[in-house]
Amino acid sequence: MPNAFELLCAQYVKRLPAQLEDLTGPAHGMVELPSHVVWSGRRSYGLEQPRSRMGLYRTVLAEGQRQDLIDFLNRDLLIEQWPVLRRLISRPIRDVWEAAFPELTAASGATAA
């Protein structure tokens, strides 16, 4: 019987895009998340503000479905933010994304060096 960690990882794997290049979300401006991603609280995020952008990415990674990831995340911003973002998200999300996309791990290693 799988434990809670394994069950969470399995859920996040199902949501992954086929490749990071599929993440074609905006790189600038304001983003308004739909209620199926954020059912209460903050829904608008400014991509020019690092804290706001980080909040958007944390929320979409945790709550978004595959199409939400594609629509709201931007490949280049994800890679750029990953060294910090990976410390702000849950371990199942981090492990699933880093296992699927080695370029994220490389980005974290390059920043640490």
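Asp 95 counts as partly exposed, at 27% relative accessibility (buried means under 20% relative accessible area, exposed over 50% and partly exposed in between, with a 1.4 Å probe and protein chains only). The model is predicted, so that local features need pLDDT of at least 70 and side-chain atom pairs count only at pLDDT 80 or more, while totals for chains, interfaces and linings use all residues. Residues are numbered from 1 along each chain as its sequence is written, and side-chain values use heavy atoms, with hydrogens and water left out.

The side chain of Asp 95 forms a salt bridge with that of Arg 91 (3.3 Å, N to O); a salt bridge is a side-chain nitrogen of Lys or Arg within 4 Å of a carboxyl oxygen of Asp or Glu. Both residues belong to helix H5 (residues 91-100), where they are four residues apart, about one turn of the helix. Helices (H or I, at least four residues) and strands (E, at least two) are DSSP runs, numbered from the N terminus. Arg 91 is partly exposed, at 49% relative accessible area.

Five salt bridges are present in the structure. One of them joins the side chains of Arg 75 and Glu 21 (3.3 Å, N to O). This pair links distant parts of the chain, 54 residues apart: Arg 75 is in helix H4, and Glu 21 is in the loop between helix H1 (4-15) and strand S1 (30-32). Arg 75 is partly exposed at 27% relative accessibility, as is Glu 21 at 43%. Arg 75 also meets Asp 76 in a salt bridge between side chains (2.6 Å, N to O), and Glu 21, Arg 75 and Asp 76 are linked in a network.
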